[in-house]
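The sequence and structure come before the description.

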Amino acid sequence: MDSAAWDAKYSAEDLVYGAPPNQTLVEFVTALPRGRALDLASGEGRNALWLATRGWDVTAVDFSGVALTKASRITATAPRSVRERLTWVHADVTDLAPEPIYDLVLMLYLHLPHEQRRKAVDVALAGLEPDGFLMILGHHSDNIEHGIGGPRVPEILYTPEELASDVGDRAVIHLCEKRLPTTDSGTAIDALLLAGKSGLGTGNEPG
Ligand SMILES: C[S@@+](CC[C@H](N)C(=O)[O-])C[C@H]1O[C@@H](n2cnc3c(N)ncnc32)[C@H](O)[C@@H]1O
């Protein structure tokens, strides 16, 4: 989907992905000390807002202007201290050149054809500071047949192993696994990758 198609989707519904943060993000990131986060493909900002509420400074990037307008409208009611920790950036994530300053880089439910996904992973790795964590989460290739929700387009889904291969030897893989999140309508199948440029043992890794 291009940015116009995403704009149309976000215009047609109120909160497409709901207000609460992603449950896997909450599970792994609650254990991390706050720092700087880069949220690639931030959508309506549910995860960026949760991070900012917990004291993270967040740069949230999406190429849908409608999603970003909704995100800033939603966060307008947050306390000033939270709003001041949020920066919204309207850009294509595959074109970014972030500084390597982020303690946490997120790429949640960004589904792109393989070449573009590799570019997005390159951008994510470029943004990581030496002890930072990268979290990539999205619908698993098996989700089409065995899970609920998500795109029904095999070319843009992935396995955790494919994500690990995109990362290659540029980062240490901490976790590479299938997840089975439950929703009101059933169980989905997700692919999760947690990686970092340094090995474990910093004391900052998620539990
Ligand atoms: C399924 S939504 C996920 C939003 C958010 N990560 C979440 O979990 O709520 C996918 C998002 O990716 C964005 N997106 C897709 N391709 C993009 C690209 N090349 N650059 C920036 N954003 C992109 C869309 O606009 C959309 O907001």
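In this predicted model, helix H4 (residues 65-75) lies across E2 and E3 and runs at about 165° to E3. Strand E2 (residues 57-62) is parallel to E3, and five bridges join the two. Within this pair, Ala60 stands opposite Trp88 in E3.

E2 and E3 belong to an open sheet of seven strands with mixed pairing, in the order E3-E2-E1-E4-E5-E9-E6. At its edges are strand E3 (86-90) and strand E6 (172-179), each of which pairs on one side only. From one strand to the next, the twist averages 15°.

Another helix, H6 (residues 114-127), lies across strand E1 (36-40), strand E4 (102-108) and strand E5 (128-139), at about 150° to E5.

| Helix | Strands it lies across | Angle |
|---|---|---|
| H4 (residues 65-75) | E2 and E3 | about 165° to E3 |
| H6 (residues 114-127) | E1, E4 and E5 | about 150° to E5 |

The largest nonpolar core has 27 residues, and Leu40, Val105, Leu134 and Ile136 have the most contacts inside it. E1, E4, H6, E5, helix H8 (160-167) and strand E9 (190-196) each supply at least two of its residues. H6 gives the largest share, five residues.

Leaving aside neighbours within four places in sequence, Leu134 is in contact with Val105, Ala124, Leu125, Leu128, Val167, Leu193, Leu194 and Ala195.

A second, separate core has 23 residues, including Ala60, Ala78, Leu86 and Leu137.

Key
Residues are numbered from 1 along each chain as its sequence is written. This is a predicted model: local features need pLDDT of at least 70, side-chain atom pairs count only at pLDDT 80 or more; totals for chains, interfaces and linings use all residues. Side-chain values use heavy atoms; hydrogens and water are left out. Two strands pair if DSSP finds at least two bridges between them. Helices (H or I, at least four residues) and strands (E, at least two) are DSSP runs, numbered from the N terminus. Axes are lines fitted to C-alpha atoms, for helices over the stretch in contact, and angles run from 0 to 180 degrees between N-to-C directions. Contact means heavy atoms within 4.5 Å. A nonpolar core is a set of buried Ala, Val, Leu, Ile, Met, Phe, Trp, Tyr and Cys residues joined through side-chain atoms within 4.5 Å. Buried means under 20% relative accessible area, exposed over 50%, partly exposed in between (1.4 Å probe, protein chains only).
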